[in-house]
Amino acid sequence: VVFDNQNCMFQRSSAAAFQVRPTAKTYLRAMNRVASSASASSLSAEASNGESYDYDLVVIGGGSGGVRASRIAAGHGAKVALLESKLKHGVSPYFAAIGGTCVNVGCVPKKLMVFASRYPGEIGEMAGYGWEGATPGEFNWDTFMAAKNEEITRLNNVYSNVILKNAGVEIIEATGSLDGPNAVNMHITETGETKKVTAKKILIGVGGWPFKPSIPGIEHAITSNEIFYLKEQPKSMVVVGGGFIALEFATIMDGLGTDVKLMYRGDLFLRGFDQDMREHLKEEMTNNSNIDLQFNTDPKEIIKNDDGSLTVVTSNGDSVTVDAVMYATGRKGKIEGLNLESAGVENSGSFIPVNEYSETNVPSVYAVGDITNRKALTPVALMEGHCMADTVFGGMDRPSDHEYVAATVFTTPEIGTVGYTEEQAAEKFGDLDVYKSRFRPMKHSFPKSEMYTLFKIIVDAASD
């Protein structure tokens, strides 16, 4: 198995070594999809002449899944248009732009903040390596944010002017809504006018949006959108939530020098992750950060004071006053305005259910990424978009596979995982062999830092 850096995907180095004999059902399914794809390819010529549809594929949303599907479909000869509300990143109401959440208000700027937040720890260990007199200095929020914005702008341009342009994808700065199973109304961002186009296939990849509960004063809280555009670094803040986004930003802001209190309504954060990993991270955060971990704590009100500070009142009657309150209590699908009912596309709450080929209940309409509520991870959206395009336009039979998906939590220290948790494995396989090692890495043991790593392998005892 090799990693294709250009296409950000794993490829098998020898297809022959991995051939699997298909069942009759799989064979027939593949043949049907190849036939469907051939029809789509022949339709492309018609659509190009304007005799049938305006496009073979219209993609609503220029995030990871939508961009990948657009590029691959165009590579298979399809005529593709991609709609994205903004081509350059910026503040409310859009926040995300071309490249999606990951590029604009997600993985990329967050990881840059992670890097910045770790320098004080690195410098703190320098004396143990013989470097004398080094101090962290003072973090300049304005300098960092200006550099961050410049980098995101560069990536916006790469997506628009290199990745999609070179693939032959038509990019339209607009939001899209369905107008039946084969038509999209484009609401042009610059002019406000609406234009209608038709398409053989429509792909929805509009992503997700941070969820905030309905409590008094919630309008004063920020989310993982606004934190990337704060004018000033808060000197103190409350982060509410127990998922990976809440933990990542708690450790980021702590590393940058903000006084952080993490409030979570449960007994232990990262529900759904391996229990040992959850407990190890709690121990490391307790011993090696200044974060005030407050479990079984649920805010019930946020009060804005005359000086601009915020007072958080919890359900147990306690209160704390801080500069900022950030909510990271889950995400919902960005389903508003899609007009799904016009095409008869079913939804489940704010999400769109799909099958393993990312197909909705309407054969001409597909959906990938966070809007489908499968696994809300950038590489997963890339895989789903790629598989969809290969299947529909490339004559291949490529269902999306979500069983073994690697994931990382960018806390300090990080968590990396793939496969089953011990709890999931015990339920599925029964008898397990579990190997664990908790140790202090050489990098930290030499300067005598009390920072530890936990390594864990879970094995099915029957098959080893």
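**Ground rules.** This is a predicted model, in which local features need pLDDT of at least 70, side-chain atom pairs count only at pLDDT 80 or more, and totals for chains, interfaces and linings use all residues. Residues are numbered from 1 along each chain as its sequence is written, and side-chain values use heavy atoms, with hydrogens and water left out.

**Stop 1: confidence.** Color by pLDDT, the predictor's confidence in each residue, from 0 to 100. The chain average is 91. A score of at least 70 is reached by 89% of the residues. Now select residues 1-28, where pLDDT stays under 50. The model gives this stretch 21 contacts beyond four places in sequence; a contact means heavy atoms within 4.5 Å. Residues 34-45 also have a pLDDT below 50. Where pLDDT is low, the predicted coordinates should not be read in detail.

**Stop 2: strand 7.** Select residues 194-204, which form strand 7. Helices (H or I, at least four residues) and strands (E, at least two) are DSSP runs, numbered from the N terminus. Two strands pair if DSSP finds at least two bridges between them.

- Strand 3 (residues 55-60) pairs with strand 7 in the parallel sense, over five bridges. Tyr55 has Ala199 as its bridge partner.
- Strand 6 (residues 183-188) runs antiparallel to strand 7, again with five bridges. Val184 is opposite Val197. Five residues separate the two strands of this hairpin, and Gly192 takes a positive phi near 85 degrees.
- Strand 17 (residues 365-367) is parallel to strand 7, joined by three bridges. Look for Leu203 opposite Tyr366.

**Stop 3: Leu83.** Select Leu83 in strand 4 (residues 80-84). Is Leu83 buried or exposed? Leu83 counts as buried because its relative accessibility is 2%. The cut-offs are under 20% relative accessible area for buried and over 50% for exposed, with partly exposed in between (1.4 Å probe, protein chains only). Leu83 and Gly61 sit 22 residues apart in sequence, yet their C-alpha atoms are 5.6 Å apart. Beyond four places in sequence, Leu83 touches residues including Val58, Ile60, Ile172 and Val184.

**Stop 4: the cores.** A nonpolar core is a set of buried Ala, Val, Leu, Ile, Met, Phe, Trp, Tyr and Cys residues joined through side-chain atoms within 4.5 Å. The largest has 41 residues. Select Met113, Ile227, Met237, Phe249, Met253, Leu262 and Phe269, which touch the most other members. Elements supplying at least two residues each include helix 4 (107-124), helix 5 (141-167) and strand 10 (259-263). Helix 6 gives the most, seven residues. Zoom in on Met113: its contacts beyond four places in sequence include Trp141, Phe144, Phe249 and Met253. A second, separate core has 25 residues, among them Val197, Ile335, Val345 and Val365.

**Stop 5: Thr223.** Find Thr223 in the loop between strand 8 (208-210) and strand 9 (236-240). Thr223 is buried, at 4% relative accessible area. Beyond four places in sequence, its contacts are Pro210, Lys212, Met326 and Tyr327.

Stop 6: Four bridges join strand 13 (residues 310-314) to strand 14. Finish on Thr311, opposite Thr321.
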